[in-house]
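Please read the following briefing beside the sequence and the coordinates.

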Amino acid sequence: MSQMTNYMENKLADFLRGQGLTLPTNWYMALGSAASDSSFTELSGTGYARQSVARSLANFAGTQGAGTTVASSGTSHATSNNGAISWGDPGSAWGTANYVGFFDASTGGNCWIVVPISPLVITTGSPNPVQVAIAGLALALGITGGCSDYFANKLIDLIFRAQSYSIPATVYDALYTSAPSNAGGGVEVSGGSYARLAIVPGLSTISGTPPAGSTSASSGSAGRISNNADLAFPAPTADWGTVVAKGILDAASSGNLLMWAALTAPRTVLNGGPAVHYPADNWGLTLS
């Protein structure tokens, strides 16, 4: 499956922190012999060049499955290439391709995504053409804890398919006595002064991927962001029941579930008890 590089994790982390996300019009596909989340060893040789593929509904599949050309509405959290990607006839030995890298420039630039492929030994004139078949690149989006189908579809369509999406100016943390799933649902707490907890994404409110508490642009390698200050729900004025999960939604009521996670340990919230709160660095998510 695909792997975000540190560069992409940091860009996406800051997008979740309310910052703009500038994506290239085209992805430039490179062949590599070795790759990690911080490096890419690109092939070279006569006739070799990165291949440009525009971000579009036509070029990358929706989450419904291979070949889809409409907006994503599936549950796979994955996309793939709708057309074969060809590097042409090698004029010399290029080496062994083990990875395809998604770059934001035809030369140089930044590698955002690495996808492993079956090893392809490229010698003069063979194979001809050098290519990845339709649906040969599987790209999956991961957020530890649970990314909803709705949010995965929005991000897949933004990153690969050039469909617009912005992080809400305010997101809302919700508590559940029965956990939701990627499809939504669950049983949310109600009554007893319960209200969703409003969180305004920003560099000052949500940490970057360097150490917890940072307020600068992300530049780390862990892919984790978290709250910079204590976050507290209203004090309960009736029993809320046993809370087993939390979720992030895009509205103070109803709305769309973006992310969710089961609590490490269920918590019973009783009338007159202390307010449920997240100490700094306890409300977090990790990109992968």
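In this predicted model, the buried residues of helix α2 are D149, F151, A152, N153, L155, I156, D157, L158, I159, F160 and R161, where buried means under 20% relative accessible area, exposed means over 50% and partly exposed lies in between, computed with a 1.4 Å probe on protein chains only. That makes 11 of the 13 residues of α2 buried, and the helix is mostly covered. Helices (H or I, at least four residues) and strands (E, at least two) are DSSP runs numbered from the N terminus.

Residues are numbered from 1 along each chain as its sequence is written, and side-chain values use heavy atoms, with hydrogens and water left out. Because the model is predicted, local features need pLDDT of at least 70 and side-chain atom pairs count only at pLDDT 80 or more, while totals for chains, interfaces and linings use all residues.

**Overall architecture**

- The protein chain has two helices and 20 strands, and its C-alpha trace spans about 75 × 35 × 30 Å along the principal axes.
- Of the 288 residues of the protein chain, 46% count as buried.
- Helix α2 is followed by A162, which has a positive phi near 60°.

**Aromatic pairs and a charge over a ring**

- A search of the whole structure finds 12 aromatic pairs, a pair being rings of Phe, Tyr or Trp (its six-membered ring) with centres within 6.5 Å, counted as stacked if the planes are under 30 degrees apart, edge-to-face if over 60 and tilted for the rest.
- The rings of F40 and F103 are edge-to-face, because their planes stand at 80° with the centres 5.4 Å apart.
- This pair links distant parts of the chain, with F40 in strand β3 (residues 40-42) and F103 in strand β7 (residues 95-103), 63 residues apart.
- F40 counts as buried at 16% relative accessibility, and F103 counts as buried at 6%.
- F102 and F160 also form an edge-to-face pair, 6.1 Å centre to centre and with 85° between the planes.
- This second pair likewise links distant parts of the chain, F102 lying in strand β7 and F160 in helix α2 (residues 149-161), 58 residues apart.
- F102 is buried with a relative accessible area of 0%, and F160 counts as buried at 6% relative accessibility.
- One aromatic cluster is formed by Y7, W27, F60, F102, W112 and F160.
- The charged end of R50 sits over the ring of F103, 3.9 Å from its centre; the criterion is that NZ of Lys or CZ of Arg is within 6 Å of the ring centre and within 35 degrees of the ring normal.

**Cavities**

- The structure holds three cavities of 30 Å³ or more, a cavity being a set of points on a 1 Å grid over the protein atoms alone where a 1.4 Å probe fits but cannot get out.
- The largest cavity has a volume of about 110 Å³, a volume being the space filled by probe spheres set on the points, with grid points joined across faces, edges and corners.
- Its lining, made of residues with an atom within 4 Å of a point, includes F151, I167, V171, W283 and L285.
- By class, the lining of the largest cavity has 12 nonpolar, no polar and no charged residues, where Ala, Val, Leu, Ile, Met, Phe, Trp, Tyr, Cys and Pro count as nonpolar, Asp, Glu, Lys and Arg as charged, and the others, Gly among them, as polar.

**R196 and S254**

- R196 is placed in the loop between β13 (187-188) and β14 (197-199), and R196 counts as buried at 14% relative accessibility.
- The side chain of R196 reaches the backbone oxygen of S254 at 2.8 Å, and a polar atom of that side chain lies 2.8 Å from the backbone oxygen of A251.
- S254 is in the loop between β17 (241-249) and β18 (257-269), counts as exposed at 58% relative accessibility, and has a positive phi of about 55° although it is not a glycine.

**Other loop backbone features**

- The peptide bond from S126 to P127 is cis, with omega near -5°, and a cis peptide bond also joins N128 and P129, with omega about -5°.
- P127 is placed in the loop between β8 (111-122) and β9 (130-132), and P129 lies in the loop between β8 and β9.
- H77, in the loop between β4 and β5, has a positive phi near 60° and counts as buried at 8% relative accessibility.

Definitions and conventions. On a 1 Å grid over the protein atoms alone, a cavity is a set of points where a 1.4 Å probe fits but cannot get out, and a pocket is an open set with protein on both sides within 12 Å along at least five of seven lines; lining residues have an atom within 4 Å of a point. A polar contact is a pair of N or O atoms within 3.5 Å; within protein, one must be able to donate a hydrogen and the other to accept it, and residues adjacent in sequence count only if both atoms are side-chain atoms.
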